[in-house]
Every structure is written in C-alpha cells, then in structure tokens.
Amino acid sequence: MAFIFLIGLTNPLCAQQISGTVTDNLDAPIPNVMVLLNDRMISETDSEGVFTLSHSYQLPLELKFKHPDFYIKSFTVSENNEVFRLTALNHSEHLNEVIISSIYQKESQVIIPTSKITSAKFEEYSPIDLVSAMNETPGVYVQSGALNTNRIVIRGVGSRTLYGTNKIRAYYNGIPITNGTGSTDIDAYNPEDIANMEIVKGPKATQYGTNLGGTLLLNSKQALAGETFAKNDLTVGSFGLTKNSISVATANEKLAFNLNYDYMTSDGFRDNNAYNRQTVLLTSRYNFNEKNDIGVLFNYTDYDAQIPSSISKTAFDEDPTQAAYTWGAAQGYEANKIVLVGLDYTHRFSETFSNTTSVFYNYLDHYEPRPFNILDEITNGYGARTLFAKDFNFFKNTANLSFGGELYQDQYQWKTIENLYEDNNGNGSLAGDLLSDNIENRSNLNVFATLTLPFTQKLKAQLGININKTQYDFIDEFNIGADNKDANRNFDPIFAPNLNVLYQFTSNAEAYVNVSRGFNYPSIEETLTPEGVINPDLGPEKGFNYEVGTEIYFIKRAMHMQLSAYLLDIDDLLVADRVGEDQYIGRNAGKTQHKGIELAMSYTHHFKNGLRVSPYINAEITDNKFIDFVDRDHDYSGNDLTGVPDNKVNGGIRLAYKNLNFNTNFLHIGEMPMNDANTLYTNPYTVFNAKLSYKNHITDHFFIGANVGVNNFTNEVYASSILINAVGFGGSEPRYYYPGMPRNWYGGIKIGYDI
C-alpha cells in the first residue's frame, strides 16, 4: 500500500505559498501527480514529488490527486492540519474515474500503456534537441539529417519516406499539425515550450486517426492556477549556437495566460548549414463557470535554414562537414513562415457528459531554392473537431463512450521555378522561368467512436472505430489545352476497427492485447505518373497491428518494466520510385511484415542522505521484411526492410542530490540496409551524452539555474540519417549519408521571478 503525504505550510503574514509533497509508502516522491480543484488542474508535482499552490487560495480546499499508477483520492486541506495521509492511486481505480473533458484533448485515452515524455525528460538534453528524448522510446527511431530535417520512424513505418515525416498523425494542444497529405514537421516547435509528448505506436488512438505509424500528442507548458512568473533561459554552445527563451505567465481560478518568445541561431557544423528561428507561442484559457471554459492557441514560427543535403560515401569518409557540391554551389536553403491558430470550447452537460469542440487554422509559406529548381509553396489549412464523452454504469462499474469527428481541409499552391545558380557568378540561387504552377485541394474527414467497458475490477476492454474519407483535387495552372493535367482523386472510405483488452493481475502487474487496423494515403505527388497524370490505380497502404505486452512494478514499485511484442502486416506498400533528380512516382508494390520486441526498464533508489540514483535501459530487437516486393525486374521478397535498424539500445543513469542533477545516456543504433537489394548497410554506432544542471530558489520569489552538457563526447563519426535507394546522376556517386554532429558542448543560465 502506498501513501501520499501532503504537508501544507501557510503563513498569512509572509504570504507564503502552500506547498506539499506526494510520496509512496517508501517515502519516495511521486512526480507528475495532477492536483485538481473542481476537476481543473491547479498544480502538478515535480521530480521531487513537490507541488505548490498560490497564497491566493483560501483554505480549506477540497483537492483531488490523480496519477495513472495510484488511486485517485480527494482530501480537504485545512489550515488547522499540517500533515495528511492519502491512499495511493491504483490502476483499477480508473474503472470508476469521472471524465475530465479537457484531458480528452491532451491524452489519447488508450487503456493500454503508451509512451510519455515529460518536460523533465526533455530537460535532460540540450534545449534544441527534441530528437534524443524521442529516441529513448523503444520502437521509435528519429533520423535527423539537420535541425530542419527529421524523419520519424515508428516500428519501421515511415522508413521509406525520403524527406521529412509522414505516416503518423500529430497534434499540438489537441489541434492537428499534420497537413492534408500526412506530412508532419515537429521541428518547427520549440522544445522548451513542450510540457509533455505522448507517443502512441501503431493505429491504436482511434479518436486521433489510425495512421499505421501512430500518433504524437504534444502539449505546451501552462501556468498553473495561482502562478505568476517571468522566466528567461539563455543557452550558448558549439558551432555558433545561441538560444534565448522568454516566458511570462499568470493564472488564477478563472483565467490562464502564457506567452513565450524564443530566438535561436546556429552556424551548423557543416558547410551551408546555418539556421535561424524565431517562435512566438500564446496560450490562454478562461473558465466561465464549472460547466464552460474556452481556450486559445496561437503559435508563429519563422525560420531560415540552409541545406547541406546528403553526401556520398567518399565525401563522408574524407570530410563529413562538407555540403553536397550542387547544394553548396546553389547555396540552397528553405525559408518558412508557419502559423497555427486554434480555439476550443468545453461544455460539461453534467458530471458524466461533456463535449469539447475546436476550430483551427494553419498556414505555411515555404520557399526553397534547390539546385534543380526553386520550390515556392503556400498552404492554407482549416478545420473543426468535436469530441463527446459520456460515462455510464456497466456491471456496477463505470464505463465510457466517446465519439466525434474531425474535418481537415487545405489548399496547397505550389510552383517550381528555374534555378540559374550556375549563371550567377557564385552568388547562389537565381530565379528564372516558371516551370510549373499547381493547386491542390485536399480534404480529410475522420469519424470515430470509442467504447470502454469494465467487465470486472480487473478486466476491461476498449473497442474503437474510425472511418476515414479522403479526397484530392489537382488543378494545373500552367498547362492549357491538351497538356493540362487537371484531375481529382476520390478515395473509397476506409473502416479501421481497434480492440484493446487489459487485465490487471495485481496493483503492480497487468497484461494487455491489441488488434487494430490502420492505413496511410499517398500524397498527390505520389499519385502522379511521370507524365503528370493522376494514377487511378494507386491506393492507400493498409495493415493490421497485433500486440501483446505487460507492465510490472517490482521492489515496492521502485523498479518499473514494460515489455511488448508486436506484429504489423502491411499490404499495398507505397513505394516512391525516383525517375529524376527531383521526381518521384508512387506505386503499391507489395507487402511488408514488421516484427519486434520492446523493453523499457527503470529503477529508482533513494539514499538516506537525499541522493537519488535512477538507472534505466530501453531496447528493441526488430525483424522487418519485404514479404512480397517485386520492383520491375528485381524480386526483393524476403529482404530486410530498407532504412530500419535491426536493433536499438539506449540507457543511462540519473543522479540527483539536493539542487544538483547529473544525467548521462547513450544511444546505440544497429546496422540497417540502405537499399532494397540489401547490398549496402550502414555501420552500427553508439553516441554518448552527459549534462550537469543546478537550480535553486534564492528567495521565495527569485530562482536561478545553470547547466552544461556535452553531446557525442567520444566524437563518434556516424550517419544520423540516410537517404535510401540513392541514385547518382550524370556519373556521380550516390549520396546516401547525412553526417551526425561531432562532439559539441552547450551551457545555459536560467533566471525567473515568481510573483
């Protein structure tokens, strides 16, 4: 039995904050416990299990404590008492949990374990590094060609995407940030603004789409009720890195307001590799009363990034800092202006029935001079999303039904322009004649429902259904008459069911099973033939995911283990064939099978002197194969899936003592095939990182922090990303390799003032 100890310290004369500590029965602190007042989160425990409440609150208070690993409990905090003991949360308690509407916008609500990354985990790495924290998750591998070039691969899905990320769906504060063809750019968001990220591997999150790769749910940091503060975080580092983040926030029982500004610049370690970004994030929420509240999200990102691109094996071995020759000569880069706006409204019809509805708009202005042409594009996207949630009685337990829909539409206008950089006297790209002018109208509708049924206190099942309807319209503004390529593609609806079953043996051990169906649509570009005509025979790839797993706590919950095994069968695999330097066509080329075992283990030990030691290890072993894959005259059936490592291991140790934290970790990536024929493989590599940080409250209101870190301190030479099936043109060597960063350091100072 675990316990929560709450220690309220009040002194009206000094206007001190109310503080408390949440621990288990071994007096070990429990982080990330939500403290709720009237079903609204007003605080959350930190890594030491400590939460604070503003002195603006008047005691007594009826507070609720919520954590997925302990019993939900309520307690009246009174100024006449200083110590309170509450029973810890237990998984089975969630069977009787009352819904909280706002949480449905921030969590997947999948009953089986998912992977969650908190801001504390992001803080163990450099503040520009979102990728390393994600790579700690078994089954997730993010290849990073540059700060602006990331490919997220989940259980092998997405490995064949040549540039960027698709085949997953991502949301920021419940607002979709994935465009009409499934492309997601998470590198546009400031890691220091993110409070947490949930990763759902595979098509399990029915209410957030059923992409074969999975779902990412990102949530921004929010001021808690009673807080008012201003913070500044400054970081400098190798290769001209400078990053400065300014945050101001205030919140009370009615209104919450957060404004963050971030500026970042870096020269990069390669030629033609400079990066400059500015980000503004505004979030606000207003509670009209216990039944109604409204929220606003505004995120603006403006960044310029030079593109060194991939290089050949010879160039990689000789000097990995060089840019690809043509990209360097053209001084290739991309300039982006990105806007995301969302407005959500929550209404609670009763304690057991609620609705959250949101409307949103996103905008992208992208300009990219490349050696072969200049791409000029503008995307305007908009949509709406609604989600109802209802609790009801089932076998004397509380069941839940959620249902709703999401409509997303965007208009994508893109032009290609001749690049005359070779005639520009070494001054880089120069715009010439217009080569193409196109408009794409893209529409995506998801209708979904999820039913969660507790058959007993130990056994519950979750059945989800998602129906998707997607349509593309292609308008050729450049060609006229017989050469005009206007076309549309109206895909058949796809029905994707999902079943989760969870059985809890004890409060410390549970097992689960998942069976789910998912899909990925081709982009319009993939549906075009080499002649620019829509291919009516190209369809989405579809697959079934099968997964079993267990989650166990040992040694009085000091040790945690999560083990899973999965099988993912994909039919009608989408393959991008390169038919020119920048021309690809799509084909449904066969079947793949993805198999793997994933393990995550962690242990925390508290010494009597206050030292906390937390080692952890995450590992995966995969076997991803082409089952049926014939490419023209080549039969690749039975070969390893391209671009996926056969194993990935990462781990480390965290040490905490009073105000000091020391984190060290490593990432090992096994070999992976670079082409479908499996004649070329990458070399395995291991990268080590370390970070030391300090934070302290100088006064009741003023706090400081400092940190220093080293990445790749063994100076490993490795490819952090590869371009699969690279082809050399004009007798040149194929450019497979994106070099990883060499040894680099960073350091920062944080100051803040609480009012």
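**Opening question**

Is Asp623 buried, partly exposed or exposed? Asp623 is partly exposed, at a relative accessible area of 30%; here buried means under 20% relative accessible area, exposed means over 50%, and partly exposed covers what lies in between (1.4 Å probe, protein chains only).

**About the model**

This is a predicted model, in which local features need pLDDT of at least 70 and side-chain atom pairs count only at pLDDT 80 or more, while totals for chains, interfaces and linings use all residues. Residues are numbered from 1 along each chain as its sequence is written, and side-chain values use heavy atoms, with hydrogens and water left out.

The mean pLDDT (the predictor's confidence in each residue, from 0 to 100) is 86 for the protein, and 87% of the residues reach 70 or more. Two stretches call for some care. Over residues 1–16, pLDDT stays under 50, and the model has 52 contacts there beyond four places in sequence; a contact means heavy atoms within 4.5 Å. Residues 80–101 also stay under 50 in pLDDT, with 93 contacts beyond four places in sequence. Where pLDDT is low, the predicted coordinates should not be read in detail.

**Overall make-up**

The protein has 6 helices and 44 strands, taken as DSSP runs (helices H or I, at least four residues; strands E, at least two) and numbered from the N terminus. Of its 755 residues, 54% are buried. Among contacts between residues at least 6 apart in sequence, 63% join residues at least 24 apart.

The accessible surface comes to about 30,800 Å², and carbon and sulfur atoms account for 57% of that area. The areas come from the Shrake-Rupley method with a 1.4 Å probe; for residues, only the protein chains shown count as cover.

**Nonpolar cores**

In soluble globular proteins, nonpolar side chains tend to be buried together. A nonpolar core is a set of buried Ala, Val, Leu, Ile, Met, Phe, Trp, Tyr and Cys residues joined through side-chain atoms within 4.5 Å. The largest one holds 37 residues, and the members that touch the most others are Met134, Ile152, Tyr172, Met197 and Leu216. Setting aside residues up to four places away in sequence, Met134 touches Ile117, Val140, Val142, Ile152, Ile186, Met197 and Leu216. There is also a second, separate core of 23 residues, which includes Met674, Tyr718, Ala726 and Tyr737.

Val200 sits in strand S14 (residues 194–201) and is buried, with a relative accessible area of 0%. Beyond its neighbours within four places in sequence, Val200 is in contact with residues including Thr114, Ala205 and Gly213.

Asn689 belongs to strand S40 (residues 685–697) and is buried at 9% relative accessible area. Among the residues that Asn689 touches, not counting those up to four places away in sequence, are Tyr125, Asn663, Asn711 and Phe713.

**Positive phi in two loops**

Most residues other than glycine have a negative phi. Lys167 has a positive phi near 70 degrees. Lys167 is in the loop between strand S11 (149–154) and strand S12 (168–172), and counts as buried at 11% relative accessibility. Ile555 has a phi near 50 degrees, also a positive value, and is found in the loop between strand S30 (541–554) and strand S31 (559–571). Ile555 is exposed, with a relative accessible area of 51%.

**Salt bridges**

The whole structure contains 24 salt bridges, each a side-chain nitrogen of Lys or Arg within 4 Å of a carboxyl oxygen of Asp or Glu. Glu547 pairs with Arg155, with the closest N and O atoms 2.9 Å apart. Glu547 lies in strand S30 and Arg155 in the loop between S11 and S12, so this pair ties together parts that are 392 residues apart in sequence. Glu547 is buried at 4% relative accessibility, and Arg155 is buried at 4%. A network of salt bridges links Arg155, Lys201, Lys204, Glu547 and Glu598.

Arg277 forms a salt bridge with Asp262, the closest N and O atoms being 3.5 Å apart. Arg277 is in strand S19 (residues 275–287) and Asp262 in strand S18 (residues 255–266), and both residues are buried. Back to Asp623: its side chain meets that of Lys595 in a salt bridge (3.7 Å, N to O). Lys595 is in strand S34 (residues 590–603) and Asp623 in strand S36 (residues 612–631), 28 residues apart. Lys595 is partly exposed, with a relative accessible area of 33%.
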